[in-house]
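This report examines selected features of one protein chain. Please keep the sequence and the structure in view while reading.

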Amino acid sequence: MSNLETQNLIPPPATTHHHPPPPSEPAKKQSNSITSLILQPFQWLNMLSTELNPSFILGIFLIYGLSQGFSGSFFKVVTDYYWKDVQKIQPSKVQVFIGLYHIPWVMKPIWGLMTDVFPVMGYRRRPYFILAGVVGMVAATTVAEGGVRLGVAAALWCLIAVAAGMAMADVTIDACIARNSIEMKELAPDMQSLCGVCSSAGALVGYATSGFFVHHLGPQIALGILAVPAASQIFLGFVIYEKKTSDDLSTKKRQAIANLGGALKGMSETIQFPEVWKPSLYMYLSIALSFSTHEGQFYWYTDPMAGPAFSQELVGMVHAIGALASIVGVLIYHKLLKDYPFRKLLFYAQLVYGLSGFLDLMFILRWNLVLGLPDYMFVVMEECVSRVVSRVRWMPMIVLSTSLCPLGIEGTFFALLMSIDSFGSLSSKWGGAVILHVFHVMRTDFRNLWLVILIRNLLRLCYIGFHFPCPEYNSF
């Protein structure tokens, strides 16, 4: 045979290696889909930066991620240890102090009106970022350097100032988001999603690192770390893009004050409608009557004699796991419950919320040990259940709040409703402080703590039937 004939008789094995068999094609598609999934968030961020502005996206990261997410969670844990271990304050008094932290958040409509009505050197947003950062940074540094010498009253004022800096920056970035949402309505859901992701991620980091810093630096020095997010607000005030108004300031102020009067009149008229004030009253009472006993429980589960003596790191990690559970609660509402009849959802959410509170009672009475569940396992389970139920209960409130807002003053009116929410939290803290004081729950005396928690749970259950002022469905 010739060489050519021989080659024709021999099967070409090499070609089978250069052409993969069909089963490998799904693997290649799967690899491409994984790569696409990894790149998708970066492409999404690039799209938002291109369509909006890179400095605006940076502002969302710094305010929602670093200031609101990280600082809010870090502040919550570290201040608990600061009042307990540095200032050595009784839990009932700490409850009152924490209620005072909510006052700057109650004032959110005022901060919002200031940014709209009183521009500084032609800018409406940038100066207020700088002001918020300066207030927060000075206050956090003062507490960190002052220690016990600072005194209880001065330390309280400084911590309220830290909260005020967070609230002011939050309102200012919300104003930027509202403006961009009006100009580019198709990107409004993307902006809210980015805010939620940044806030949740920041909270996770804040909770997870708070115990570590308290353990290694002490609560006093750890509070100084809050100066870093505040400094980032100052930086943002210099770099965020904002058009400088070129109109006559006196004319603009007169027009703004006239608009302010119209907005206040509109809010006053709107809140008088039964369809508005009744659900608003329900939102307030549902929060206010759920007395917070957090400080009594915190003092108990960090006590080495009466409680399980949880370490600082464990406390921080429990809160971090709770933050993850909150995200799960949002997903449960979004996937399963958002189309459920509104009034029924509020009823069952309040019922489950009241029943879930008995997990705290079981823990205080140490029934978990009778069931063979270790303390750390039970507290993680309790925290997850509490966060999921609280989030599912809170989401309909937000939907209800947006439904109550009239067109034209929806931004200011929504801020008003959110301030009602904050005032409800303040009332809850102070109500809890009263019952902790009445039943003599002290730094080292927790004999009546179980009774305080039982009263709190019964109040939650008593409010189940008061959801009738709310609409049956998700719209009026």
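## Salt bridges

In this predicted model, the count of salt bridges comes to five. One of them joins Arg456 to Asp360, with 2.9 Å between the closest N and O atoms. This pair links distant parts of the chain, since Arg456 lies in helix 22 and Asp360 in helix 18 (residues 358–364), 96 residues apart. Are these two partners buried or exposed? Arg456 has a relative accessibility of 3% and therefore counts as buried, the limit for this class being under 20%. Asp360 is buried as well, with a relative accessible area of 8%.

Another salt bridge is formed by the side chains of Glu383 and Arg387, at 3.0 Å from N to O. Both residues are in helix 20 (residues 375–404), and because they are four residues apart, about one helical turn separates them. In general, an α-helix has 3.6 residues a turn, so residues three or four places apart point the same way. Both Glu383 and Arg387 are buried. The side chains of Arg447 and Asp445 also meet in a salt bridge, at 2.9 Å from N to O. Arg447 is exposed, its relative accessible area being 65%.

## Helix 22

Helix 22, which holds Arg456, covers residues 449–462. Its 14 residues, at 1.5 Å a residue, should span 20 Å, and this agrees with the distance of 20 Å between its end C-alpha atoms.

Which residues of helix 22 are buried? They are Leu449, Val452, Ile453, Arg456, Asn457 and Arg460. Viewed down the axis of helix 22, these buried residues fall within an arc of 135 degrees, so they line one face of the helix.

Ser427 belongs to helix 21 (residues 410–438). With a relative accessible area of 16%, Ser427 is buried. Leaving aside residues up to four places away in sequence, Ser427 touches Tyr284 and Ala288.

## A nonpolar surface patch

Which residues form a nonpolar patch on the surface? The patch consists of Ile34, Ile38, Leu39 and Phe42, which together have about 410 Å² of accessible area.

Ile38 is placed in helix 3 (residues 24–51). Its relative accessibility is 52%, so Ile38 counts as exposed, a class that requires over 50%. Ser427, by contrast, is buried at 16%.

How values were computed. Residues are numbered from 1 along each chain as its sequence is written. This is a predicted model: local features need pLDDT of at least 70, side-chain atom pairs count only at pLDDT 80 or more; totals for chains, interfaces and linings use all residues. Side-chain values use heavy atoms; hydrogens and water are left out. Patches are made of residues with over 30% relative accessible area and no salt bridge: like charges are joined within 9 Å, nonpolar side chains (Val, Leu, Ile, Met, Phe, Trp, Tyr) within 5 Å. Accessible areas come from the Shrake-Rupley method with a 1.4 Å probe; for residues, only the protein chains shown count as cover. A salt bridge is a side-chain nitrogen of Lys or Arg within 4 Å of a carboxyl oxygen of Asp or Glu. Helices (H or I, at least four residues) and strands (E, at least two) are DSSP runs, numbered from the N terminus. Buried means under 20% relative accessible area, exposed over 50%, partly exposed in between (1.4 Å probe, protein chains only). The expected span of a helix is 1.5 Å times one less than its number of residues. The arc is that of the directions from the helix axis to the C-beta atoms. Contact means heavy atoms within 4.5 Å.
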